[in-house]
Amino acid sequence: MIHSLFLVNSSGDIFLEKHWKSVVSRSVCDYFFEAQERASEPENVPPVIPTPHHYLISVLRHRIYFVAVIQSEVPPLFVIEFLHRVVDTFQDYFGVCTEAAIKDNVVVVYELLEEMLDNGFPLATESNILKELIKPPTILRTVVNTITGSTNVGEQLPTGQLSVVPWRRTGVKYTNNEAYFDVVEEIDAIIDKSGSTITAEIQGVIDACVKLSGMPDLTLSFMNPRLLDDVSFHPCVRFKRWEAERILSFIPPDGNFRLLSYHVSSQNLVAIPVYVKHNITFREGSSQGRFELTLGPKQTMGKAVESVLVSSQLPRGVLNVNLNPSQGTYTFDPVTKLLSWDVGKINPQKLPSLKGSMSLQAGASKPDENPTINIQFKIQQMAISGLKVNRLDMYGEKYKPFKGIKYMTKAGKFQVRT
Amino acid sequence: MVTLLLQKVKYTASKNICVKISLSCRHDDLKEMLDSNKDSLKLEAMKRIVAMIARGKNASDLFPAVVKNVACKNIEVKKLVYVYLVRYAEEQQDLALLSISTFQRGLKDPNQLIRASALRVLSSIRVTIIVPIMMLAIKEAASDMSPYVRKTAAHAIPKLYSLDPDQKDQLIEVIEKLLADKTTLVAGSVVMAFEEVCPERIDLIHKNYRKLCNLLIDVEEWGQVVIINMLTRYARTQFLNPNESLLEEGGEKTFYGSDEEEGKEDKVEAAALVVKRKPYVMDPDHRLLLRNTKPLLQSRNAAVVMAVAQLYFHLAPKAEVGVIAKALVRLMRSHSEVQYVVLQNVATMTIKRRGMFEPYLKSFYIRSTDPTQIKVLKLEVLTNLANETNISTILREFQTYIKSMDKDFVAATIQAIGRCATNIGEVRDTCLNGLVQLLSNRDELVVAESVVVIKKLLQMQPEKHSDIIKHMAKLTDNIQVPMARASILWLIGEYCEHVPKIAPDVLRKMAKSFTNEEDIVKLQILNLAAKLYLTNSKQTKLLTQYVLNLAKYDQNYDIRDRARFIRQLIVPTDKSGALSKYAKKLFLALKPAPVLESPFKDRDHFQLGSLSHLLNAKAGGYQELPDWPESAPDPSVRNVEVKYPTEQSSTEEQKKSTKSKEPKDRSDSESEDEEESSTESSESESEEESESDTDAKKKKKKTVKKWRIYVSFCVALLLKCSFPSPQAASPTCGPLKTYELLHRITGEGLAVTYCFSRRPFTGDPHMVSVQIQFTNNTEVEARSLRVLEPKLQSGMRIAEFPEIDVLPPGEISTVVMGIDFCDSTQAANFQLCTHTKKFFVTIQPPVGELMMPIFMTENEFKKEQGQLMGMNEITEKLTLGEGCRGDHVIIQRVISTANLSRVPCGSAMECRFAGKTVTSGSLVLVTVVTKEERAAQVTVNCEKMLIGTMLVKDILQALSQ
């Protein structure tokens with residue numbers, strides 16, 4: 001299936017290669033570089049590139065291209081999904097997935113890749129199994145290893161691959177037993193010029209951090225499970241139980257994992273927690289334009305809208321801006337024409353605004369496009385869809401765990417057209 | 001931090017040194033480090049070498065120094081050596097052979113994980129000389145007890161096949177064997193091997209089809225993808241098209257049936273049709289596949305969701321396909337690469353089944369932050385989804401897109417508007433007006449694209465739009481994009497009778513600028529000139545001559561050719577042939593309007609989700625999706641009659657085993673799942689029983705008769721598949737013998753029994769697993785049941801069962817513990833504790849439980865027996881007991897006495913059994929020869945004489961009863 005993997009950085013250097021079958025010369029990447037040159041933006045490189053003898057399937061994450069070389073028919077999503085899993089694993093191991101981090105840990109990276117694929121077919125992609133095989137590097141362990149000469153590779157052979165619960169390590173022990181669940185919802189929306197919602201949908205996830213000893217069996221129930229009309233589960237969730245009773249029943253993996261992600265589609269009514277008043281105009285003949293923007297909260301159920309960040313790609317004709325924010329700071333990059341305004345928290349009594357003028361290229365005609373405004377925000381302690389966890393119970397172990405549930409709403413791809 | 005920095009400094013320093021000395025003495029320091037006897041130095045050296053490999057530097061000259069360390073004790077060094085070995089073995093074949101013996105030793109290791117990793121590395125070494133060794137290793141591993149080793153064997157198959165395709169036939173045998181495996185661990189890997197080695201051998205799937213369907217949900221995600229894709233192909237060859245009856249009359253329907261109601265209509269119509277003609281009944285196996293894949297739409301893995309979606313698209317009845325839309329729309333939130341692939345597939349689906357995605361129209365709206373390639377694909381989907389009801393919203397959406405800063409995207413939007421206009425007659429004029437407005441756009445690219453699209457639209461009804469043509473004629477002064485200029489010229493030429501005054505003037509202007517034009521524009525100028533000459537020669541004769549003369553000396557030969565050709569055709573000379581008479585017909589023939597259609601049309605002949613579909617070209621190794629068969633092939637090929645009883649009992653057995661293995665942890669879900677699958681399998685069995693004719697039933701009766709003969713065979717099979725106890729596996733053998741550990745009275749209400757479950761003990765293969773059952777007969781609950789202070793003979797070991805926290809009154813709980821008896825029948829003594837009491841207990845194993853079955857062929861058996869003669873052979877004569885007649889009784893009694901497996905045997909008078917002792921692995925071979933008049937002879941060959949003697953006694957006793 002997957003023949004080889006090349007890691008290419010943003011300047012076009014191949015800084016790591018790994019082959020699972022016979023060696024493929026790195027010159028095969030020339031086709032990739034060609035496509036890269038043709039694409040105007042880095043994210044416009046086609047994910048699948050055919051070459052005379054091979055096919056290149058690539059993903060772009062953290063400004064690194066992961067280019068997989070394959071030779072024959074294979075579902076492209078299979079490869080793409082796997083590459084993303086590789087990136088997730090690196091991130092899990094090294095905290096960040098940058099070129100520097102990969103180069104510093106090249107041996108661990110190699111060991112990981114070796115375990116993840118056998119002959120190009122995925123073997124162990126579950127992070128719990130991998131961590132049993134290869135311990136993630138920590139500063140402490142690096143120090144200890146350099147002094148004692150011990151290794152990162154697990155001395156014991158992993159049993160996870162053999163068990164019926166492959167995602168969980170055996171013999172887990174904690175002094176403080178705790179289970180935390182974060183319900184995080186993101187709103188994707190397109191708001192049109194007049195302020196009416198064109199489309200809005202909610203993408204939610206429940207991320208868990210479970211540190212429980214032994215083999216706990218958890219059940220999580222919701223106050224209003226009907227809201228979740230399209231869900232996807234971590235493999236640990238018993239699907240039949242969900243189908244029958246709308247209860248999540250599972251033996252959790254150890255540590256951090258995504259229990260569930262769900263989608264509340266555009267057909268349901270979605271509350272939009274902020275509104276934007278804007279007035280962005282260019283006058284014909286003059287080299288000035290007006291820019292006015294005001295933000296305000298709505299339908300937030302009394303919760304504060306925090307970490308608000310507004311960004312907008314202004315037209316190419318704009319030379320510079322001279323704006324006056326009522327709160328926060330703004331920056332404008334005259335090269336990329338990206339305006340961003342870090343607003344902070346919205347105070348409902350005194351709405352934040354950004355007003356001022358834009359200077360345009362002299363003599364050039366007025367730009368005929370209007371910029372779209374992207375907004376990011378966070379609302380703590382609220383799930384905008386109204387989803388609520390009812391209770392969490394544990395069976396199979398006798399200690400009393402500490403349980404906690406947190407809700408948060410964030411903006412996903414939240415756009416306002418002007 | 002400091003150490004990190006130091007490491008970095010060291011790293012760069014060593015790199016520099018390497019570069020400097022590389023010419024004179026390459027890597028001498030590394031060689032020295034590898035030769036040292038300190039593991040830390042070796043490790044450091046290997047790490048640097050692996051870093052070199054990772055950067056693509058050649059490190060092959062270190063091969064001899066590295067390969068020496070293949071047997072190193074340090075696991076990390078060992079693993080890195082493997083990495084190196086696999087990378088360079090192909091280049092250094094002779095030296096690589098040095099390492100082979102290490103792996104061969106590893107293949108015999110008692111630890112399954114070591115066996116597996118040895119096989120994995122051995123099979124990755126691409127050296128042709130070792131093909132026979134690999135073949136042997138794979139065959140052996142394919143019948144290993146551990147499913148993990150069998151999985152590795154399945155992985156090794158394609159490796160060997162790519163190394164030596166001549167091995168295909170032998171490999172297919174192994175695949176066939178592994179396909180019959182019943183564990184989820186193996187299923188995905190073996191199907192992958194099947195797809196790579198022999199995808200055409202669809203006949204191998206028949207017998208395993210139902211099993212694969214039932215296992216599917218528990219297979220790991222990557223295996224699911226492979227299995228689903230393979231089953232899609234399989235289903236296309238074996239079942240009938242569920243939409244067939246609709247297709248024939250579907251032609252008229254599609255004219256109006258494009259709304260959501262389509263589904264309902266289909267149903268109604270289908271119902272009507274069913275009454276009329278021979279009813280279509282879906283094969284229960286077809287239904288099984290659809291039912292078992294549906295939950296996987298909820299998978300977190302996009303590849304799995306896509307695989308199920310394509311399965312439904314290709315196999316499901318029209319009314320049911322709708323379920324996949326929601327899942328696919330969910331994937332759109334994922335990474336942009338995933339979006340890209342999903343959108344490609346959605347685009348193809350929307351052409352065939354538009355109604356499915358219509359409710360999700362808004363999910364395809366475009367954001368300014370999307371990458372261009374995603375935008376273009378979304379646009380494609382939106383265009384496909386457009387119909388009379390939603391066109392106005394879509395067009396309004398398109399209007400905002402036209403203002404985008406991304407010009408490639410704007411161009412694509414204009415194309416999309418053109419397509420909407422051609423497909424939906426009502427909005428053609430609106431679209432055309434909109435496009436004409438765009439002609440005054442400041443951006444040249446936008447104008448050019450609009451011109452091209454307008455040209456196509458005008459061709460449909462030119463007479464109504466002469467003013468638009470006039471407007472466009474004016475544009476020739478400003479527009480510089482060659483394609484647009486060419487389009488305008490073609491339009492004017494084609495419809496010159498609608499603009500009689502302007503056309504000659506345009507030609508005049510063009511003649512002036514002819515030399516500076518691009519080639520495609522020049523060709524169109526010639527074209528225009530020729531057409532005008534034919535219609536309006538009075539005004540344009542000279543102009544045409546002039547243009548033709550210019551073209552005659554053009555640098556481009558296409559243009560020179562064209563000029564020569566046109567001159568001959570239109571300018572009448574005495575030499576000119578008959579063709580010039582028809583010049584007008586040639587040039588001014590009525591041209592059919594172009595059909596603007598999606599580039600995704602007809603892509604669905606490729607299997608969706610495949611690479612070939614994405615590229616719209618056949619990729620290497622692509623398996624064509626076969627057409628539905630005209631009439632269904634025999635469905636009975638999928639019946640698994642012979643194995644029917646075994647399958648039943650084995651699922652039960654599995655259920656039991658999971659319960660006992662991890663009583664607290666997993667029992668709930670597992671038993672749930674198992675129950676599900678077992679009920680499902682029995683359901684399908686019964687369905688099929690009722691549906692398929694009495695034939696099958698007759699067969700089944702016969703099978704029952706034959707059944708007793710099959711038992712021995714199945715027992716052997718099961719043992720091979722590591723399905724534990726032969727007794728439990730075959731109903732005729734009766735239940736496991738239970739022994740009392742603690743009587744109810746001595747235990748003050750707590751009764752404990754144990755039996756030897758004959759299952760390999762997980763965690764330690766040297767231990768005998770003992771299944772212990774606690775029954776609480778008291779009124780109060782017993783707490784914290786556990787093992788305390790084992791008193792053991794030297795060498796004996798105990799793996800205690802996990803503590804039972806609470807045993808409520810009246811409840812029964814079962815646990816498994818492992819005991820290494822050191823191949824002796826000495827008892828294991830220990831204390832059994834509750835929260836209040838302690839009891840001294842003893843487990844004494846019968847000699848027959850100290851061994852485990854192994855699978856052997858007759859020849860192997862004879863060979864091994866030959867080596868265990870003399871003192872190691874014990875023979876006894878006996879008279880068989882009253883009820884002990886016939887082979888199967890003997891087999892059953894021997895097997896219930898000792899944990900052995902049957903060895904196939906040619907002679908009817910002989911029964912052979914083989915096993916090995918659990919701790920030391922010494923062979924135990926048993927032969928029972930029957931003679932006249934109930935006389936018989938038992939022979940045991942075993943290195944351990946004590947065991948041999950005791951075993952003979954036990955068997956004698958069992959047989960003479």
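Is Glu397(B) buried or exposed? At 5% relative accessibility, Glu397(B) counts as buried. The views below come from a predicted model.

**View 1. A salt bridge joins Glu397(B) and Arg417(A).** The closest N and O atoms of the pair are 2.8 Å apart. Glu397(B) belongs to helix α23 (residues 391–402) of chain B, and Arg417(A) to the segment after β23 (402–416) of chain A, so the pair joins two chains. Arg417(A) is buried, with a relative accessible area of 9%. Elsewhere, salt bridges with shared partners tie Glu81(A), Arg85(A), Glu126(A), Glu221(B) and Arg300(B) into one network.

View 2. Chain B brings 103 residues to the contact, and chain A brings 112 residues. Ten salt bridges are counted between chain B and chain A. Over all chains, the whole structure holds 54 salt bridges.

**View 3. Glu115(A) forms salt bridges with Lys79(B) and Arg120(B).** In the pair with Arg120(B), the closest N and O atoms are 3.6 Å apart. Arg120(B) sits in helix α7 (residues 112–124) of chain B and Glu115(A) in helix α4 of chain A, so this pair joins two chains. In the pair with Lys79(B), the closest N and O atoms are 3.4 Å apart. Glu115(A) is buried at 11% relative accessibility. Arg120(B) is buried as well. Lys79(B), at 22%, counts as partly exposed, because buried means under 20% relative accessible area.

**View 4. Ser610(B) touches residues of chain A and chain B.** Ser610(B) lies in the loop between α33 (583–587) and α34 (611–615) of chain B. Its relative accessibility is 7%, so Ser610(B) counts as buried. Leaving aside residues up to four places away in sequence, Ser610(B) touches Glu73(A), Pro76(A) and Tyr622(B).

**View 5. Strand β15 (residues 935–942) of chain B is largely enclosed by the rest of the structure.** The reason is that seven of its eight residues are buried. Strand β11 (residues 873–879) of chain B runs antiparallel to β15(B), and seven bridges join them. Here Lys877(B) has Gln937(B) as its bridge partner. Strand β14 (residues 923–930) of chain B also pairs with β15(B) in the antiparallel sense, over seven bridges. Val924(B) stands opposite Cys942(B) in β15(B). Four residues separate β14(B) and β15(B), which form a hairpin. In the turn, Glu933(B) has a positive phi of about 55°.

**View 6. Aromatic rings pair within chains A and B.** Over all chains, the count comes to 25 aromatic pairs. The ring centres of Tyr93(A) and Phe94(A) are 6.2 Å apart and the planes lie at 65°, so this pair is edge-to-face. Tyr93(A) is buried at 4% relative accessibility, and Phe94(A) is buried at 14%. For Phe357(B) and Phe364(B), the centres are 6.2 Å apart and the planes at 70°, so this pair is also edge-to-face. Both Phe357(B) and Phe364(B) are buried. A cluster of Phe78(A), Phe82(A), Phe121(A) and Trp222(B) is linked by ring pairs.

**View 7. Charged side chains sit over tyrosine rings in chain A and chain B.** The charged end of Lys388(A) is 5.5 Å from the ring centre of Tyr407(A), over the ring. The charged end of Arg638(B) sits over the ring of Tyr209(B), at 5.6 Å from its centre.

Key
Residues numbered from 1 in each chain as written. Chains lettered and ligands numbered in written order. Predicted model: local features only at pLDDT ≥ 70, side-chain atom pairs only at ≥ 80, totals over all residues. Heavy atoms only, no water. Buried < 20%, exposed > 50% of the residue type's maximum accessible area, 1.4 Å probe, protein only. Pairing = 2+ DSSP bridges. Phe/Tyr/Trp six-rings, centres within 6.5 Å; stacked < 30°, edge-to-face > 60°. Lys NZ or Arg CZ within 6 Å of the ring centre and 35° of its normal. Contact = heavy atoms within 4.5 Å. Salt bridge = Lys/Arg side-chain N within 4 Å of Asp/Glu carboxyl O.
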